[in-house]
Amino acid sequence: MKKKAIVALVLLLSSSVVLCADTDAQDAHNLVEAAVNYYRGKASIATVDMTIHRPGWERTMTMKAWTKGQKDSIFIIIAPPKDRGNGTLKRGQEMWTYNPKINRVIKLPPSMMSQAWMGSDFSNNDLAKSDSIIADYTHKITGTETHDGKKVYVVKSMPKPEAPVVWGMQKLRIREDHVFLSQAFYDEDFELVKIMTGHQIQMLGGKLFPKVWKMQKADVKDEYTLLSYKELAFKQDLPGRLFTLSSLKASRR
Amino acid sequence: MSIDVKMAWRNIWRNPRRSILTISAIAFASLLLVFMLSWQFGSYDTMINSAVMIHTGHLQVQAKEYEEKRNIRLVVPDPAAIGGILEQTSELAAYTFRANAFSLISSNERTYGTIVIGIDPLREARVSTLKKLIRQGNYLSADDSNQALVGKLLAKNLNVVLGDELVVLGQGRDGSIAATVVKVKGIFSSGQDEFDRSSIHIPLKYFQDVYAMNGAVHEVVALGKSLEYIPEIKSRVTAGIENMNQKDHLVVLDWMELMPGLIQAIQMDLVSGFIFYIILIVVVAFSILNTFLMAVFERTREFGVLLAIGTTPGRLTKLLLTESVSMTMVGIVIGIIAGSLITWYFQVHGIVISGAAEVMRQFGLPERMFPRLSVLSISIGAGIVWVITLLTALYPALKVRRLRPVEAMMSA
């Protein structure tokens, strides 16, 4: 009788441990998905300054960005005048780029996806796969910190075995109100490659949002890319025709 | 002539057939080494020259770190000034300017990431074989603008033919977006797949416009009159750059730094060559050891008598060594003379590798290979034969010292 009771207890305990682990992973997954949804909104329109900084050299361009859901986005450069009208359309995992001078659209081949986007520290992959953090990774909360009096979750994200991703690991810091604080990218040997951090958290488009994003490579000091939001508005929806090749080509908007 | 040398010389000719055989073994080994080494060095010259002629040149002036980073902002800002230094260097055959940018090249159907190279059509033809490598269409002319030469494999990948349009999309020196449309004017094939798959060439002036280069280039490529002048040219150009106070900004790289793979291939080949030579020399050494040993055994009784009448063992050793040195010297001299004559004949007339000529010509290589006689190729082989033979001769010469006069005289 006693033996049976112990067996039952052990079984109960072990099953609850399994359940617990499951809910942990589920929690982490929900947290990351909530953060991505918070960050992207249902749809958004933004004006962003992108500053590429290199030792002894710096260049800023301004672009307008529209996003819809987790997959679709379009960026059009509006300044400087020389680059005005150049654009990038991303739909799902595919990307196209348009140049008004030659009036051509080019689809980026898979081999180019790890190249720098517009010469910045962001790669084409960073843009094309911005939602892959939800689909291609399993998440685990490894710790908590505090930031501005709010709780911050540290999430370790490992790629799923078959996932088509270039990173060996990512580490995210997400505040309890779902604001992304940082995203660190590691290679297969778990060496830090680059890190994106959010700064100047303030009210933007009706919610708290980091106004400035900084992407910095781990091995070089004085090289980084800043994204600074000048305007940001979140929408319930945007028309699908915005995210088409003809929209990419239309220079007036 | 001292009595010892006279005796040694007479001893050699006491058994002329054996001595002649030994001498000819030594002569043959030296002859073969002289020819093979000259051939090897000559083929390296051909290899290096034809490899550098495809693209890299013997020597390049670049911005510091450009070779590793390939960053479009690392430029040679004033190419004409470097040209001025090169003009004053008399050992120089020709030079040209180039600019490179990694870009997207897109046909109607496909897109690839490739290197776009801006070339000066007239100067380029004197430095590289590009003009001769054109298989279809024409080479660029001086006043071309949006025309391009495309590698054969790239053309196939992009599925374009002569006259088709290619869209080029990259980033300019100032970070702006560089975009243009070029027409395929010629298709080249160098036989180096990497080069044929990943590059297109457009006129330098046009490149500088599209990529906002502001007159700058990335490489000043120079070709020397001969490979041996390269270190000299390199130090002169380096000095010239120092005079211009550009030392912190520009570097001079020679072909070994530009193509480390080539020098590694040569070293590999040298090593395998030397293994062959060592085997050859060991075989020769054993045959020489054999004759020397025979000479001693045969003459044990004679040495016994010599010792008995008061010759010191040291003098016997000296006598034997004099014999072997004389034979080796005669052999090596004959070998060097005959080897040099044969090598010289082929150096003048060249060697046609039958069947390969067609292929070689196609890739801009000379159809004849020329061995190259040099002090080095003559002396290395002869030197090694000399050392090995003397080491071999040492053994019987020292063995003689252990002979006891009475026992020696008793032997047959």
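Me: Does α1(B) pass α13(B) in a left-handed or a right-handed crossing?
Reply: Heads-up: this is a predicted model, where local features need pLDDT of at least 70, side-chain atom pairs count only at pLDDT 80 or more, and totals for chains, interfaces and linings use all residues. Residues are numbered from 1 along each chain as its sequence is written, with chains lettered from A and ligands numbered from 1 in the order in which they are written. Helices (H or I, at least four residues) and strands (E, at least two) are DSSP runs, numbered from the N terminus, and a crossing is left-handed if the near helix is turned anticlockwise from the far one by less than a right angle, right-handed if clockwise. Where α1(B) passes α13(B), the crossing is right-handed.

Me: What does the angle make α1(B) relative to α13(B)?
Reply: Helix α1 (residues 3-12) and helix α13 (residues 313-349) of chain B pack at about 60 degrees, with axes 9 Å apart (axes are lines fitted to C-alpha atoms, for helices over the stretch in contact; angles run from 0 to 180 degrees between N-to-C directions). That makes α1(B), relative to α13(B) (under 35 degrees is roughly parallel, over 145 roughly antiparallel, 65 to 115 roughly perpendicular, the rest oblique), oblique.

Me: How many charged residues are in the contact of α1(B) with α13(B)?
Reply: Residues in α1(B), including Asp4(B) and Trp9(B), meet α13(B) residues, among them Lys318(B) and Glu323(B) (contact is C-beta atoms, placed from the backbone, within 7 Å). Alongside 7 nonpolar and 3 polar residues (Ala, Val, Leu, Ile, Met, Phe, Trp, Tyr, Cys and Pro are nonpolar; Asp, Glu, Lys and Arg charged; the others, Gly among them, polar), the charged count is 3.

Me: And what is the angle between α2(B) and α15(B)?
Reply: These two, residues 16-54 and 375-399, have axes 8 Å apart, and their crossing is right-handed. Ile26(B) and Phe41(B) of α2(B) are among the contact residues, as are Ile378(B) and Val385(B) of α15(B). By class, their contact has 10 nonpolar, 5 polar and no charged residues. The packing angle is about 145 degrees.

Me: Which strand gives the largest share of chain A's side touching chain B?
Reply: The contact takes 19 residues from chain A and 15 from chain B. On the chain A side, β2 (57-68), β5 (94-99) and β6 (104-107) each supply at least two residues. The largest share, 3 residues, comes from β6(A).

Me: How many residues are in the largest nonpolar core?
Reply: Val76(B), Val150(B) and Val220(B) have the most contacts inside that core; Val76(B), for one, touches Ile82(B) and Leu250(B), among others. A core is a set of buried Ala, Val, Leu, Ile, Met, Phe, Trp, Tyr and Cys residues joined through C-beta atoms within 7 Å, buried being 20 or more other C-beta atoms within 10 Å of a residue's own (exposed is 12 or fewer, partly exposed in between; C-beta atoms placed from the backbone). A second, separate core of 35 residues includes Trp39(B). The largest core's count is 87.

Key. Two residues are in contact if their C-beta atoms, placed from the backbone, lie within 7 Å. Lists of a residue's contacts leave out its neighbours within four places in sequence.
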